[in-house]
Amino acid sequence: MKFGGTSVGSAERMRVTAQLAASEARRRPVAIVVSAMSKITDLLLATMRHAEADDRAGMDANLATLRSRHEEACRDLLPAERQPDVLAKLSDIIGEFERLVNGMAMLQERPPRSVDEAVAVGERLSVLLVSEYLNASGTRSAAVNASSVVVTDAVFGNASPLMEPTRAKASEVLLPLLEKGILPVVSGFNGATADGRPTTLGRGGSDFSASILAAALDAAELWIWTDVDG
C-alpha cells in the first residue's frame, strides 16, 4: 500500500493512513510505502538553493519550518510518554539534512549525490512518524529506509532500479519483518547504489518505489492511495 504526500500531510491524515494499513495488516501481510509530508520535498529543494546562494537567512527559515512541521505532527500523533524519544530521532534526521546544506553553502554548489541524500530526508521523517504511531496504537511496525532495500544505478536524481539485487535485499530486510507479523513502513522515492551511495528515483518516484517493492516481494496486489474530495 502506497500513500502520497497529502495522505501523510498532517497528524490527522497520518492517523487515517495508519488505520487503513493496520486494518489490512490484520488480514494478511502488508508493507506500506510513504511519501514526504505534502510540500516538504519542495521545502528541502528550496533550502538547498538557498545554501548554494549562501543565503543563510533563507536556509535558517526553512530549517525552522521543517522542524516545526514535524515536531507539531509528532505532538499531535503520539502519547506524551513516547514524544521525547521520537522528537530526538526527528532532530537527528533533520541534523543530517542541516549538515548537508551547510556543506553546500560552503561549496556554493549542490553536488547531485548530496542532493539525493538530502532530499530523501522528507520521506525518512514521515516514515518515522507513521511507524511510531502504528506501534503506539497497537500494530507492530518498523521504519525502513529504502536505501537498505532498493538497489539502483548511479544516475543521481533519476536512478533506475536493479531488480535482482533489490529482490535479494527485500528478502533479507523486508520478508523477515512480514513473517513476524511486523508492518514495514518504507520510504518512497529513494534507494542506494550497490556500494551504498544514496540515490533518488526522480520526482513522483514514490509510486515507482512501491511498484519496485511489490515486484521484489511478489506481492499479490499493489494499492496506490491518494486523497481526493468525494
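Partly exposed, as I use it today, means between 20% and 50% relative accessible area. Keep that in mind. This is a predicted model.

Salt bridges first. The whole structure has 14 of them. One joins the side chains of Asp227 and Arg13, at 2.6 Å from N to O. The two are 214 residues apart: Arg13 sits in helix 1, Asp227 in the segment after strand 8 (224-225). How exposed is Asp227? Its relative accessibility is 29%, so Asp227 counts as partly exposed. Arg13, at 26%, is partly exposed too.

Next pair. Arg110 bridges to Glu52, with the closest N and O atoms 2.9 Å apart. Here the loop between helix 4 and helix 5 is linked to helix 2, across 58 residues. Arg110 has 32% relative accessible area. Glu52 has 29%.

Third pair. Glu96 and Arg124 meet at 3.0 Å, N to O. Glu96 is in helix 4 and Arg124 in helix 6, so this bridge ties together parts 28 residues apart in sequence. There is also a network: Glu24, Arg27, Arg28 and Glu221, joined by bridges that share partners.

The largest nonpolar core has 49 residues. Ile32, Met48, Leu66, Leu90, Phe97, Leu129 and Val185 have the most contacts inside it. Helix 4 gives the largest share of this core, 10 residues. Leu129 touches Leu90, and also Met14 and His70, among others. A second, separate core holds 18 residues, including Val33 and Leu213.

Last, Lys2, in strand 1. Buried or exposed? Buried, because its relative accessibility is 7%, under the 20% cut-off. Its side chain makes a polar contact with that of Asp207, at 2.7 Å. Among the other residues Lys2 touches are Val33, Trp223 and Trp225.

Key. Residues are numbered from 1 along each chain as its sequence is written. This is a predicted model: local features need pLDDT of at least 70, side-chain atom pairs count only at pLDDT 80 or more; totals for chains, interfaces and linings use all residues. Side-chain values use heavy atoms; hydrogens and water are left out. Helices (H or I, at least four residues) and strands (E, at least two) are DSSP runs, numbered from the N terminus. Buried means under 20% relative accessible area, exposed over 50%, partly exposed in between (1.4 Å probe, protein chains only). A polar contact is a pair of N or O atoms within 3.5 Å; within protein, one must be able to donate a hydrogen and the other to accept it, and residues adjacent in sequence count only if both atoms are side-chain atoms. Contact means heavy atoms within 4.5 Å. A nonpolar core is a set of buried Ala, Val, Leu, Ile, Met, Phe, Trp, Tyr and Cys residues joined through side-chain atoms within 4.5 Å. A salt bridge is a side-chain nitrogen of Lys or Arg within 4 Å of a carboxyl oxygen of Asp or Glu. Lists of a residue's contacts leave out its neighbours within four places in sequence.
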